[in-house]
Amino acid sequence: MANQQPLFTTEETLAVDPLILAYLAGFFDGEGNISVFRDRRPSGSFGFTLRCAISQTSMPILEKYRHLFGGTVYQAKLTNPRPNSAPAWQWYINNGRAVRFLEALQPYIILKAPQIPIAVRFFEQFHPLVRRGQRQPRIATQIAEQARAELMALHQGRKRDYTRKANRGGKSDG
């Protein structure tokens, strides 16, 4: 599916029922991800994009995100599909729209709360340095790699915490 403009501006999104925003934030908090996506350019160099994404077998919920925040919904290719597995869909939003998305849902985000300031800082520091068609300055690459490392460390830390709790029968330390 093609990119489409959101039906609401950020201000209008904030005027949406807070329960709907809280639901969407909770869904994203559990099922989504925040990343600094690195892609190889034809020149052999790397480009970086702030990306928020959700993969899901239910397309209607992803369409809700697209209608409110913009972005793209597409059918994902499964690398090792199981027999009778449902089709997988992905919604994603990049860069400035991703920042506005995170800012709109930030009051309701719990698990990914430490990732939001890293993502916003990356976008605010990185994008003024990069011009389309020009070589990316070394400092921009350093900013991107630092943000990627911080986001991955937070993600890995959450995985370790979850595994420790699961091994203790779901009991927390406190």
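Predicted model: local features only at pLDDT ≥ 70, side-chain atom pairs only at ≥ 80, totals over all residues.
Student: Let's start with helix α2. What span should its 14 residues have, and how far apart are its end C-alpha atoms?

Tutor: Helix α2 covers residues 18-31.

Student: Now the pockets. How do I look for empty space?

Tutor: Rolling a probe the size of a water molecule over the atoms shows where empty space is left. Here the largest pocket holds about 650 Å³ of space. Its lining is made of 20 residues, and those nearest its centre are R41, F46, V130, Q134 and Q136. Two elements, β2 (46-56) and α6 (138-167), each give two or more residues to this lining.

Student: Which element gives the largest share of that lining, and what classes of residue are there?

Tutor: The largest share comes from β2, with three residues. By class, the lining of the largest pocket has five nonpolar, nine polar and six charged residues.

Student: What is the volume of the second largest pocket, and which residues lie closest to its centre?

Tutor: The second largest pocket has a volume of about 220 Å³. It is lined by 13 residues, and N33, I34, S35, M152 and H155 are the closest to its centre. Here the elements giving two or more residues are β1 (32-40) and α6. The largest share, six residues, belongs to β1. The lining of the second largest pocket divides into five nonpolar, five polar and three charged residues.

Student: Last topic: phi. What should I expect?

Tutor: Most residues other than glycine have a negative phi. In this model, N84 has a positive phi, near 65°. N95 is not a glycine either, and its phi is positive at about 50°.

Student: Where do N84 and N95 sit?

Tutor: N84 is in the loop between β3 (72-76) and β4 (88-94), whereas N95 is in helix α4, residues 95-105.

Student: Is N84 buried or exposed?

Tutor: N84 is exposed, because its relative accessible area is 84% and the cut-off for exposed is over 50%.

Terms used. Residues numbered from 1 in each chain as written. Heavy atoms only, no water. Helix = DSSP H or I, 4+ residues; strand = E, 2+ residues; numbered from the N terminus. Expected span 1.5 Å × (residues − 1). 1 Å grid on protein atoms, 1.4 Å probe; cavity = no way out; pocket = protein on both sides within 12 Å on 5 of 7 lines; lining within 4 Å. Points joined across faces, edges and corners; volume = space filled by probe spheres on them. Nonpolar A, V, L, I, M, F, W, Y, C, P; charged D, E, K, R; others polar. Buried < 20%, exposed > 50% of the residue type's maximum accessible area, 1.4 Å probe, protein only.
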